[in-house]
Amino acid sequence: MIQHTQTGNMTIAIVGTGLVGLGWAIVFARAGMPVRLHDRNPEQLKDAPNRIRQSLRDLAEYGLIQESPEEILARCSCHEELAEALEGVGYVQESVLERIDVKQDLYKEMESSLAPHTIVGSSSSGIPASAFTQDISFRSRCLIAHPVNPPYLAPIVELVPASWTSADTMEVVHQLMHRVGQHPIRVNREVEGFVLNRLQGVLLREAWALYEEGYCSLEDIDATISKGLGLRWSFMGPFETIDLNAPGGIRDYAQRLGDLYFSITKERASPQPWSDELISKVEHERRQRLPATKLIERSKWRDRRMMALAAHKHQQEDRE
């Protein structure tokens with residue numbers, strides 16, 4: 001097992017070069033580590049350097065990288081053969097399709113190519129590691145390392161072990177993520193959706209319900225977050241938020257508003273799945289606001305806004 005003091009010299013393999021995989025490549029290469037990219041789709045793999053370069057240029061524009069885009073990109077290499085990409089690496093970030101069968105097949109294929117010390121983290125958004133690592137010989141060196149997309153702008157990483165993931169594996173990846181500028185959190189055991197999506201899921205459930213019941217338009221629900229709650233949540237979590245929202249702190253807040261939140265929770269005790277009719281109505285309203293042809297353009301706008309926010313937060317942290 002690699003010791004955390006050795007993570008600075010580690011070579012990284014990225015398996016899967018979609019948006020998340022390329023985001024991880026930037027995280028590790030930006031931190032000075034050699035990165036090997038692999039994807040079963042040769043065309044997607046071939047285009048990976050161009051997509052990384054563009055993202056790095058955007059980061060440079062906002063002062064979020066210390067080196068030139070070309071210097072960082074030079075640490076990334078593309079490998080059509082999986083075994084070549086994995087040879088001797090210290091850590092693999094698996095970012096393939098969110099399907100159990102796809103992950104199971106990949107992990108079986110990796111089994112013959114991994115060094116005895118190599119750790120594998122999965123970017124899985126909700127599938128636990130136990131669902132696709134149960135029958136492989138290196139399962140004690142596997143865990144979930146779930147990021148927010150794009151990981152080079154949103155530093156949180158959920159580290160979620162299977163029951164057989166070793167404590168050393170968790171510790172090494174925790175240290176590695178700190179080393180590359182991410183903010184890892186430890187989830188002590190597997191739970192459906194992990195932590196981030198469970199928190200997001202509660203908010204989404206209420207947002208869909210409020211819209212379906214006719215209380216608000218989509219635009220006004222979104223504004224409630226972007227112009228209200230989200231401003232605080234960009235630098236404080238829910239517990240710190242309520243701790244500061246009552247004169248006597250968190251106990252005072254709980255005594256004042258605990259019954260209200262409990263009543264709201266009981267009201268949603270039997271949530272319903274989003275119906276196709278509801279989804280169609282929401283989609284229609286969103287497409288009126290943003291045509292499908294402009295989704296990619298708007299996604300780029302989102303990333304630039306996140307870059308500006310990240311730059312601001314870095315400046316503020318330097319002053320604190």
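**View 1. Strands E1 and E4 pair in the parallel sense.** In this predicted model, strand E1 covers residues 12-15 and strand E4 covers residues 91-94. Their pairing runs over 4 bridges. Ile14 stands opposite Gln93 of E4.

**View 2. Helix H5 packs on the sheet.** H5 spans residues 100-110. Which strands does H5 touch? They are E1, E4, strand E5 (119-122) and strand E6 (142-147). The direction of H5 makes about 165° with that of E5.

**View 3. The open sheet has 8 strands.** Their order is E3-E2-E1-E4-E5-E6-E7-E8. The pairing is mixed. Which are the edge strands? They are strand E3 (76-78) and strand E8 (183-186), and each pairs on one side only. From one strand to the next, the twist averages 25°.

**View 4. Helix H2 lies across strands E2 and E3.** H2 is made of residues 42-61, and E2 of residues 35-38. The helix runs at about 135° to E2.

**View 5. Helices H1 and H2 cross.** Two packed helices are described by the angle between their axes and the distance between the axes. H1 covers residues 19-30. The axes of H1 and H2 come within 10 Å and cross at roughly 60°. H1 is therefore oblique to H2. The crossing is right-handed.

**View 6. Side by side, H1 and H2 make contact.** From H1 come Leu22, Ala25 and Ile26. They meet Ala48, Arg51, Ile52, Ser55, Leu56 and Leu59 in H2. By class, this contact of H1 with H2 has 7 nonpolar, 1 polar and 1 charged residues.

How values were computed: Residues numbered from 1 in each chain as written. Predicted model: local features only at pLDDT ≥ 70, side-chain atom pairs only at ≥ 80, totals over all residues. Heavy atoms only, no water. Pairing = 2+ DSSP bridges. Helix = DSSP H or I, 4+ residues; strand = E, 2+ residues; numbered from the N terminus. Axes fitted to C-alpha atoms, helices over the stretch in contact; angles between N-to-C directions. Contact = heavy atoms within 4.5 Å. Parallel < 35°, antiparallel > 145°, perpendicular 65-115°, else oblique. Left-handed = near helix turned anticlockwise from the far one by under 90°. Nonpolar A, V, L, I, M, F, W, Y, C, P; charged D, E, K, R; others polar.
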